[in-house]
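The sequence and coordinates come next, followed by the description.

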Amino acid sequence: MAGSYFLTTAIDYVNSAPHLGHAYEKILADFFARHERNLERDVLFLTGVDEHGQKVQQSAQREGIEPAIFAERMGVRFQRLYASLGVDPSCFVRTTDANHKKVVREWLQRLHDRGEIIFKEHEGFYSVRQEQFLTEKEKVDGRWPEIFGEVIETRESNYYFPLEPYRERLLEFIDKNPEWIVPAFRRKELLGALAEPLADLCISRPKSRLSWGIPLPFNEDYVTYVWFDALVNYYSFASVKGELRWPPDLQIIGKDILIPHHGIYWPIMLLALGLPLPKHLLVHGFWTNSGAKISKSDSKSLVDPAPYVEKFGPDALRYFVLREMVLGQDADFSDERFETRYTGDLGKKLGNLVQRTLSMIARYRDGKIPNYDGFHLLPVDSDLRSDAVVEEYRRAVEQFAPHLALQAVWEFVARANQYVEETAPFRLAKDPAQAKRLDVVLGHLAESVRRLSVLVQAALPFTAEKIRAQLNLAPGPVRIEEARFGNSLREHVIGKPEIIFPPIEEKASA
Ligand code: MSP
């Protein structure tokens, strides 16, 4: 084993249905997890759902059921969707898990014992939607911004975790670890937020107002603030066979939960407990739907991934989101863009290359891949023998740029398709004197298809398997190193060629 790798995603609120934004983040994490496995690392990959809090309690109330039943029902929807997308975590996190609740209470007790928690009365404004206290500073033009929803005035005694004593240490950490936050412009935003003194974080909610949470160990009349509960999942589920893995190598989150949640609360919680901070926080942008914001409160704006998975297969959606979003920036989803990628990149480019290669081997060589090495080669062959694509792919993934990794792979696909045009095997097949040349061409194409089955494993795991099955190769996953050119396929008998990405019209009439 080449070491281990630990990555996490945000855990989704179960108060409303999963949408493309949730799915994207999990696909992204699954892509990195698969990549690391293909580097032979022992991967711990956590994703799951955030079940407690006021919003879940309210949604359950509206349906007239217990929050636990509501959370369970919704959690299953998230889990099923992710499974249908081929997202394959080591463990599906649920914050109602008994051990998780125990760890949350242990952390609180430890902070309390160390004198890090204070009890005080607070009078002020509270956002029900965001489950947080507000200050006048948060007003824009004298009004509460819409994201806070209903804002009420309350007077309440609560437990607080003072963050200010850790601000300097956090700033120092960020200074010493310039690559902690990816992309770099997010780091600047965080430094901006850390320029001013930090308010004490309210970590409790009175049970009289919110019962759906984890009771505080030192006062059972209160439950834990949902973020203090949710963030702890990264630690409470971080064990493999009873052995703790810490810290995470990569934590993937959306841009809305960097400040203050993952950029301030989370590292300060870890600093206060004397635990190492995660190595990287990868902050992705938001998906919009045909230019409009995706909003949980407007069901028309939500993109439900399920119908796309059903109609086009999971890999079509995986490919689309990984290829279209420049990691860190926002991206737009529309049927038109989706279908363009599906028909072009998947159908006409990759699908067609596999299909025509295998059909020619079936037709001209009876399904047996000819010997393609040790012959006279032409300059045109050398591009297909180059391993540059493997290096480019790996470099792009290391730089957290899946879209560039896929771009490199699709340039290779384009090169291979062009090779068919340039070498014209259909013409070579008509001339017996060209039999050896045809062997070389078909062999190089088959080898390119095999290499592609390795290069697309992390992004398109189902397609990778389909290609391997059609080539009659043992199922993957295989090491990324196997994407290098070789001649292992000589004399190999292929399976039956089949269309991988059927044209959209045919699907509609099917
Ligand atoms: N429960 C908290 C996270 C706790 S992590 C300890 C939460 N949940 S969420 O359901 O609102 O969001 C889950 C993830 O989905 C977040 O990383 C969020 O940024 C991401 N997305 C939500 N909408 C999104 C888009 N429209 N586009 C991309 N990602 C988006 O926050």
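Is the crossing of H14 and H15 left-handed or right-handed? The crossing of H14 and H15 is left-handed, a term used when the near helix is turned anticlockwise from the far one by less than a right angle, with clockwise giving right-handed.

## Basis of the values

This is a predicted model, in which local features need pLDDT of at least 70 and side-chain atom pairs count only at pLDDT 80 or more, while totals for chains, interfaces and linings use all residues. Residues are numbered from 1 along each chain as its sequence is written, and side-chain values use heavy atoms, with hydrogens and water left out.

## Overall dimensions

The protein has 510 residues, of which 56% are buried (under 20% relative accessible area, with exposed being over 50% and partly exposed in between, for a 1.4 Å probe and protein chains only). Its C-alpha trace spans about 90 × 50 × 45 Å along the principal axes.

The secondary structure comprises 19 helices and 18 strands; these are DSSP runs numbered from the N terminus, with helices (H or I) of at least four residues and strands (E) of at least two. Among contacts with a separation of 6 or more, 77% are between residues 24 or more positions apart, where contact means heavy atoms within 4.5 Å.

## Parallel sheet and its helices

An open sheet of 6 strands has the order E3-E2-E1-E14-E15-E7, with parallel pairing; two strands pair if DSSP finds at least two bridges between them. Strand E3 (91-94) and strand E7 (181-182) are at the edges with a single partner strand each, so one side of each has no neighbour in the sheet. Within the sheet, strand E1 (residues 4-13) and strand E14 (residues 250-254) run parallel and are joined by 3 bridges. Thr-8 has Gln-251 in E14 as its bridge partner.

Helix H1 (residues 20-38) lies across E1, strand E2 (42-50), E14 and strand E15 (280-284), and runs at about 170 degrees to E1. Helix H9 (residues 258-273) lies across E7, E14 and E15, at about 155 degrees to E14. Axes are lines fitted to C-alpha atoms, for helices over the stretch in contact, and angles run from 0 to 180 degrees between N-to-C directions.

## Antiparallel strand pairs

Strand E4 (residues 118-127) pairs with strand E6 (residues 151-161) in the antiparallel sense over 10 bridges. Phe-125 has Glu-153 in E6 as its bridge partner. E6 also pairs with strand E8 (residues 201-202), again in the antiparallel sense, over 2 bridges. Here Phe-161 stands opposite Leu-201 in E8.

## Helix pairs

Helix H14 (residues 388-398) packs on helix H15 (residues 402-423) at an angle of about 165 degrees, with the axes 7 Å apart. H14 contributes Val-389, Glu-392, Tyr-393, Ala-396 and Val-397 to the contact, and H15 contributes Leu-404, Ala-405, Ala-408, Val-409, Glu-411 and Phe-412. By class, this contact has 9 nonpolar, no polar and 2 charged residues. Nonpolar covers Ala, Val, Leu, Ile, Met, Phe, Trp, Tyr, Cys and Pro, charged covers Asp, Glu, Lys and Arg, and the others, Gly among them, are polar.

Helix H5 (residues 167-176) and helix H6 (residues 184-193) have axes that come within 11 Å and cross at roughly 160 degrees. That makes H5 roughly antiparallel to H6, and the crossing is left-handed. Leu-171, Ile-174 and Asp-175 of H5 meet Arg-187, Leu-190 and Leu-191 of H6. The contact of H5 with H6 has 4 nonpolar, no polar and 2 charged residues.

Notes: Angles under 35 degrees count as roughly parallel, over 145 as roughly antiparallel, 65 to 115 as roughly perpendicular and the rest as oblique.
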